Amino acid sequence: MRTYAFHIRLKRDGEWCDAVAGGIWWNPGASSGNGSGEHRYPIKVIQRVLNKPGGTAQFIMRPVMGRFLCLGEEKSMKRMLSGIKPTGQLHLGNYIGALSKFVSYQDEYEMIAFIANLHCITVPQDPEELQRNLRDCVALYLACGLDPKKSTIFLQTDVKEHAQLGYIMCCHTYMGELNRMTQFKDKQAHGEKNLSGGLYTYPALMAADILIYDPDYVPVGEDQKQHVELTRDVAIRMNNRYGNLFKVPEPLIPKVGARVMSLSDPSKKMSKSDATNKGCIYLLDDLKTARKKVMSAKTDSLNQIKFDPENQPGVANLMQILSSLSDNRPMADIEAEFAGKGYGDLKRAVADKVCAELEMIQGRYNEIIASSMIEDVLKEGAEKARAMAQPKLANIQRAIGMEII
Ligand code: TYM
């Protein structure tokens, strides 16, 4: 019996998919000549190497770079996981800080992108509106370019293991840690009444969302960094207590656009809970509204286009939006382009970029929302996610001593 890494083509539901897989190959001699060839193997092998459920399957095995390589020599694809909580419509901050990054990573990484609907109900929701927001969120994932063939896209509640591991994580998270989480603290400080227990413990559920898939990286905006750090602390604590249960993931925060600020009050983050509705551009805003919001963005009276977030937060925010929507164009470039020009020119350039992006996204969104794609994508994504989460939860419970059989 030997361990190999190999290119694999798996035929499932009539479609071929490519992957580099690794696993225990009990009969290396079964391959012909230099190792290529077409073979039939029982599905159990496929499940073990690729984590894909399904009936019988056929795959072609090819040597990696002309020969079989041992697993240790083969670099496998790193895994990434992230999610969005659609308590309202997705906005430009979500897109720039998170969603657009998921899309650009999906070619290089194994991307798992879910819709965090358990997190939505930590604050009161109108059922009809919530359902609409969830559908819109899936449609926007796809419209922004997430490809279900490359990424695993699913609804959190379709994989029950999240909630169960969430409880286990809660039991391994200290109250002192939860007390330090800024999101809960902020709401309390603003005197919000009747905050739910779910809102208080939600970072523990977020730790479960992440750790159940053993990702290498968690791409998020800056406001979520604290939660990923808590996740790391809990993972290390549990690894020390029970043996190596979890991979300890790294947060991946974009260099530009990690904190898109409100257009009407650049001291605050752009957020779904913008009461005035003027500072937040929603991905489904009509283009006229979006343009108006940019054109009325708060700036200052210094009349110079410099990237200085401390002294010119409004201008810096417009510049970071422009930069992130132009492949992270350097700020010095933008400063040079707008030297001697006014804020109106900068705003027009930002509005043009934002509107072009929204127009593209909305065009695809309109097609997707009218099709059956959402249900199909979620069904397939949930199957793939369950195949990873179920054995992982069973292992964790066994390690903790919770299982009898
Ligand atoms: P949520 O829904 O608040 O935000 C989703 C993602 O968008 C980023 N983001 C921003 N980035 C830049 N500028 C902004 N103004 C801005 N606003 C939001 C967030 O940082 C985030 O990356 N708890 C999470 C959802 C979640 C999750 C997870 C994320 C649940 N489980 C596991 C990662 C891994 C949340 O409420 O994100």
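This is a predicted model: local features need pLDDT of at least 70, side-chain atom pairs count only at pLDDT 80 or more; totals for chains, interfaces and linings use all residues.
Student: Is asparagine 277 buried or exposed?
Tutor: Asparagine 277 counts as exposed because it has 11 C-beta neighbours inside 10 Å. Residues are numbered from 1 along each chain as its sequence is written.

Student: Where does asparagine 277 lie, and what is its phi near?
Tutor: Asparagine 277 lies in the loop between S9 and H10, and its phi is near 70 degrees, a positive value in a residue other than glycine. The H and S labels are DSSP runs numbered from the N terminus, where helices (H or I) have at least four residues and strands (E) at least two.

Student: And asparagine 303, what about its phi and its place?
Tutor: Asparagine 303 has a positive phi of about 55 degrees although it is not a glycine, and it sits in the loop between H10 and H11. With 10 C-beta neighbours inside 10 Å, asparagine 303 counts as exposed.

Student: Which residues does lysine 272 contact, leaving aside neighbours within four places in sequence?
Tutor: Lysine 272 is found in the loop between S9 and helix H10 (287-295), and, with those sequence neighbours left aside, it is in contact with Thr87, Gly88, Gln89, His91 and Cys280. Contact here means that the C-beta atoms of two residues, placed from the backbone, lie within 7 Å. Because lysine 272 has 16 C-beta neighbours inside 10 Å, it counts as partly exposed. From C-alpha to C-alpha, lysine 272 is 8.4 Å from tyrosine 282, and the two are 10 residues apart in sequence.

Student: Switching to the whole chain, how many helices and strands are there?
Tutor: The protein chain has 14 helices and nine strands, and buried residues make up 39% of its 405 residues. Of the contacts with a separation of 6 or more, 75% are between residues 24 or more positions apart.

Student: What span should helix H9 have, given its 18 residues?
Tutor: At 1.5 Å a residue, H9 (residues 225-242) should span 26 Å, and its end C-alpha atoms are 26 Å apart, which agrees. The expected span is taken as 1.5 Å times one less than the number of residues.

Student: Which residues of H9 are buried?
Tutor: In H9, the buried residues are His227, Val228, Leu230, Thr231, Val234, Ala235 and Met238. They cover an arc of only 155 degrees around the axis, so they are on the same side of H9; the arc is that of the directions from the helix axis to the C-beta atoms. Ile236 and Asn240 are exposed on the other side of H9.

Student: What covers those buried residues, and what follows H9?
Tutor: The cover includes helix H5 (161-170), helix H6 (175-179), helix H8 (197-211), strand S8 (217-219) and strand S9 (250-252). H9 is followed by glycine 243, which has a positive phi near 95 degrees.

Student: Now helix packing: at what angle do H11 and H13 pack?
Tutor: Helix H11 (residues 313-324) and helix H13 (residues 343-369) pack at an angle of about 40 degrees, with their axes 9 Å apart. That makes H11 oblique to H13. Angles under 35 degrees count as roughly parallel, over 145 as roughly antiparallel, 65 to 115 as roughly perpendicular and the rest as oblique. The axes are lines fitted to C-alpha atoms, for helices over the stretch in contact, and angles run from 0 to 180 degrees between N-to-C directions.

Student: Which residues make that contact?
Tutor: Leu318, Ile321 and Leu322 of H11 make the contact with Leu346, Lys347, Ala349, Val350, Lys353 and Val354 of H13.

Student: And how does H4 sit against H13?
Tutor: The axes of helix H4 (residues 127-143) and H13 come within 8 Å and cross at roughly 125 degrees, which means that H4 is oblique to H13. Ala139, Leu140, Leu142 and Ala143 in H4 meet Ile361, Arg364, Tyr365, Ile368 and Ile369 in H13.

Technical notes:
A residue is buried if 20 or more other C-beta atoms lie within 10 Å of its own, exposed if 12 or fewer, and partly exposed in between; C-beta atoms are placed from the backbone.
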